[in-house]
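Please look at the sequence and the structure as I speak.

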Amino acid sequence: MLKLYAMFLTLIFLVELVAAIVGFVFRHEIKNSFKNNYEKAVKQYNATGDYRSDAVDKIQSMLHCCGVTNYRDWKDTNYYLEKGFPESCCKLEDCSPQRDADKVNNELIGIFLAYCLSRAITNNQYEIV
């Protein structure tokens with residue numbers, strides 16, 4: 001029984017190792033694919049509750065950002081022409097969609113910090129104790 005448990009643990013470890021290697025090798029393709037899909041989701045945003053619009057809202061509210069690179073990405077969308085920025089872009093609580101760029105999140109601190117962390121891990125810049 002103990003050998004079977006050890007065999008399953010080894011198998012899980014090998015699967016995780018292969019996934020990590022594949023992720024490292026294809027990191028640029030994954031990044032470009034995520035960016036292209038996110039840009040497409042922002043352009044097709046309609047606030048009707050479909051899964052793409054919900055994903056855009058969750059990303060923007062969790063990371064306190066607006067758009068793919070900044071809030072100007074919304075100005076090319078049909079949603080912005082009709083209603084302005086989506087509610088998930090707002091800096092303030094209880095804010096409605098609007099066109100005032102001063103009231104939207106334009107900082108990408110969360111995305112920037114995540115990028116810095118992934119770059120540090122990729123470059124093997126570990127702190128030696």
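Contact here means heavy atoms within 4.5 Å. Buried means under 20% relative accessible area, exposed over 50%, and partly exposed in between, with a 1.4 Å probe and protein chains only. Helices are DSSP runs of H or I with at least four residues, strands are runs of E with at least two, and both are numbered from the N terminus.

This is a predicted model, in which local features need pLDDT of at least 70, side-chain atom pairs count only at pLDDT 80 or more, and totals for chains, interfaces and linings use all residues. Residues are numbered from 1 along each chain as its sequence is written, and side-chain values use heavy atoms, leaving out hydrogens and water.

I begin with helix 2. The buried residues of helix 2 are Tyr38, Ala41 and Val42. Viewed down the axis of helix 2, these residues fall within an arc of 95°, so they line one face of the helix; the arc is that of the directions from the helix axis to the C-beta atoms. What covers them includes helix 3, residues 51-63.

I turn now to helix 3. Its buried residues are Ser53, Val56 and Gln60. Because they cover an arc of only 60° around the axis, they lie on the same side of helix 3. The face turned away from that buried side carries the exposed residues Tyr51, Lys58 and Met62. Which helix is included in what covers the buried residues of helix 3? Helix 2 is included in that cover.

Finally, helix 3 is followed by His64, whose phi is positive, near 55°.
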